[in-house]
Amino acid sequence: MTLKEKDLQYIWHPYTHQKNMLPPIPIVKGEGALLIDQEGKTYIDAISSWWVNIHGHAHPYIAEKLFEQAKKLEHVIFTGFTHEPAVTLATGLINLLPPNFSKIFYSDNGSTATEVAIKMSLQYWLNIGEKKSKILAFNHSYHGDTFGAMSVSNRSIFNAAFEDKLFDVIFIDTPGSDNLQQLIAFIGLQTDIACFIYEPLLQGAGGMLMYEPEPMNDLLTYIRSQNILCIADEVLTGFYRTGTFFASDQLEVKPDVICLSKALTGGTMALGVTACTQKIYDAFVSDDKARTFYHGHSFTANPLACTAAIASLHLLQKDECLANIQWICKKQEEFLSELSISKKKLETKNHRVCGTIAAFEIITSQSDNYLNNLGTLFTEFCINNGVYLRPLGNTIYIMPPYCITDEQLSKIYDVILAFLAQGEMA
Ligand SMILES: Cc1ncc(COP(=O)(O)O)c(C=O)c1O
């Protein structure tokens, strides 16, 4: 069936300004880093379909494993029952997580993974009888779109409509050598902080902002010394996005809780994981039923999603995949060097790279933020040239699937440089 514009009338698309919205492009097929529309036109998926895809679209190995599992068991309630895909995945993840991790709690997506982490941490203190209920988070953070996740996220256009419904959170800047002592002094003045939630090394939706491991280590060391639980939101940064398996691998101080989603299933199915240490879990083991963690979703630990995640982990362990990740990290650095010296009508600034992700801002007459009009013009230009990029306002970033070819990555760079050279925004 070929979709016509009128067929799309009943769908409300996310994060999309509805007035004068361009008709969405019907995609009929995916192959590696390519998306193919119903007219046969191809687009290189340069942001991994909202940061989830790592092995490419419609990967035959993942598809095969899903097909086999779908014929055996598509879903089963996850209280009172368990199943092999959930057990195998949990064992695989525990072996990859820091050594003090011992439990995997499943949910559906990145927002539920962080929501679970916050609830688990708050209830931990309640269960052990300590009165701690405040939460610490970073300015420019993004942890999802449910109410708890919105509350611990930066106050911004994303959640402005609900501001009076969000609970209070103490926000601090990300650490650098210049403000570390100030941050420590500020935290020292606070009382009753239950937990600190952070996106390690890279704040994605906040603008692909990057910060250094050394001051973060010092900050985490201090926070730990104050008996505050540390929650690493690795929903975006997990699975080698920042060059190491977890971004937390680049930090000496390990968290108490880690949130995973997005690339967990290779980008094939929705699944969330909140992993925690034995110390946290033990606080929920009690004769008192009120200490139970009363949280769950109908599709918790869906066997198909767990199967996709196991298959994705297999692919991630292959030498070829690891070599590609290293190659992408190098190519991104090289591109940013080229960007610095290339002749262009539009100027750029803040060139930065964190593992497989490169980002920079295009300088415009408007302020640097998500509502900057450049994003729409830029996306349209890229789409017309066979590349899908979706900037955060005037922040351009490239986050390719690990299977991307040299030719495809070079094409992404060429299209960006062509946009900057033609200078339509100047
Ligand atoms: C760091 C981080 N946490 C949580 C989320 C929410 O994930 P989801 O969109 O799957 O709810 C996102 C999504 O971009 C994210 O980047």
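This is a predicted model: local features need pLDDT of at least 70, side-chain atom pairs count only at pLDDT 80 or more; totals for chains, interfaces and linings use all residues.
User: What does the nitrogen atom of the ligand sit 2.7 Å from?

Analyst: That nitrogen atom is 2.7 Å from an N or O atom in the side chain of Asp 233.

User: How much of the ligand's exposed area does the protein bury?

Analyst: The protein buries 83% of the 390 Å² that the ligand exposes when taken alone.

User: Back to Lys 262. Where is the place of Lys 262?

Analyst: Lys 262 is in the loop between β11 (257-260) and β12 (272-277). Its phi is near 40°, which is a positive value in a residue other than glycine. Lys 262 has a relative accessible area of 24%, so it counts as partly exposed.

User: What about Trp 51, buried or exposed?

Analyst: Trp 51 counts as buried, because its relative accessibility is 8% and the cut-off for buried is under 20%. Trp 51 belongs to helix α1 (residues 48-51). Trp 51 also has a positive phi, about 75°, although it is not a glycine.

User: How far does α4 reach?

Analyst: Helix α4 (residues 110-127) has 18 residues and spans 25 Å from its first C-alpha to its last, close to the 26 Å expected. Of those 18 residues, 15 are buried, so α4 is mostly covered. Just after α4 comes Gly 129, with a positive phi of about 80°.

User: Now α9. Which residue caps the N-terminal end of α9?

Analyst: Asn 302 does, through a side-chain oxygen that lies 3.1 Å from the backbone nitrogen of Leu 304. Helix α9 covers residues 303-316 and reaches 20 Å, close to the 20 Å expected. α9 is mostly covered, with 13 of its 14 residues buried.

User: Switching to strands. In what order do the four strands of the open sheet come?

Analyst: The order is β1-β2-β3-β15, with mixed pairing. β1 (27-31) and β15 (387-388) stand at the edges with a single partner strand each, so one side of each has no neighbour in the sheet.

User: How do β2 and β3 run?

Analyst: β2 (residues 34-37) and β3 (residues 42-45) run antiparallel and are joined by three bridges. In β3, Thr 42 is the bridge partner of Ile 36, and Ile 44 is the bridge partner of Leu 34. Their hairpin has four residues between the strands, and Gly 40 in it takes a positive phi near 90°.

User: And in which sense do β3 and β15 pair?

Analyst: In the parallel sense, over two bridges. Ile 44 stands opposite Val 387 in β15.

User: Last one: which strands are joined to β14 by bridges?

Analyst: Strand β13 (residues 348-354) is joined to β14 by five bridges, running antiparallel. Strand β16 (residues 395-398) also runs antiparallel to β14, with four bridges. Ala 358 in β14 is the bridge partner of Val 353, and Ala 358 stands opposite Ile 398 in β16. The β13 and β14 hairpin has two residues between the strands, with Gly 355 at a positive phi near 60°.

User: Which residues are on the two faces of β14?

Analyst: Ile 357, Ala 359 and Glu 361 are on one side, and Ala 358, Phe 360 and Ile 362 are on the other; all are buried, and both faces are covered.

Methods
Residues are numbered from 1 along each chain as its sequence is written. Side-chain values use heavy atoms; hydrogens and water are left out. A polar contact is a pair of N or O atoms within 3.5 Å; within protein, one must be able to donate a hydrogen and the other to accept it, and residues adjacent in sequence count only if both atoms are side-chain atoms. Accessible areas come from the Shrake-Rupley method with a 1.4 Å probe; for residues, only the protein chains shown count as cover. Two strands pair if DSSP finds at least two bridges between them. The expected span of a helix is 1.5 Å times one less than its number of residues. Buried means under 20% relative accessible area, exposed over 50%, partly exposed in between (1.4 Å probe, protein chains only).
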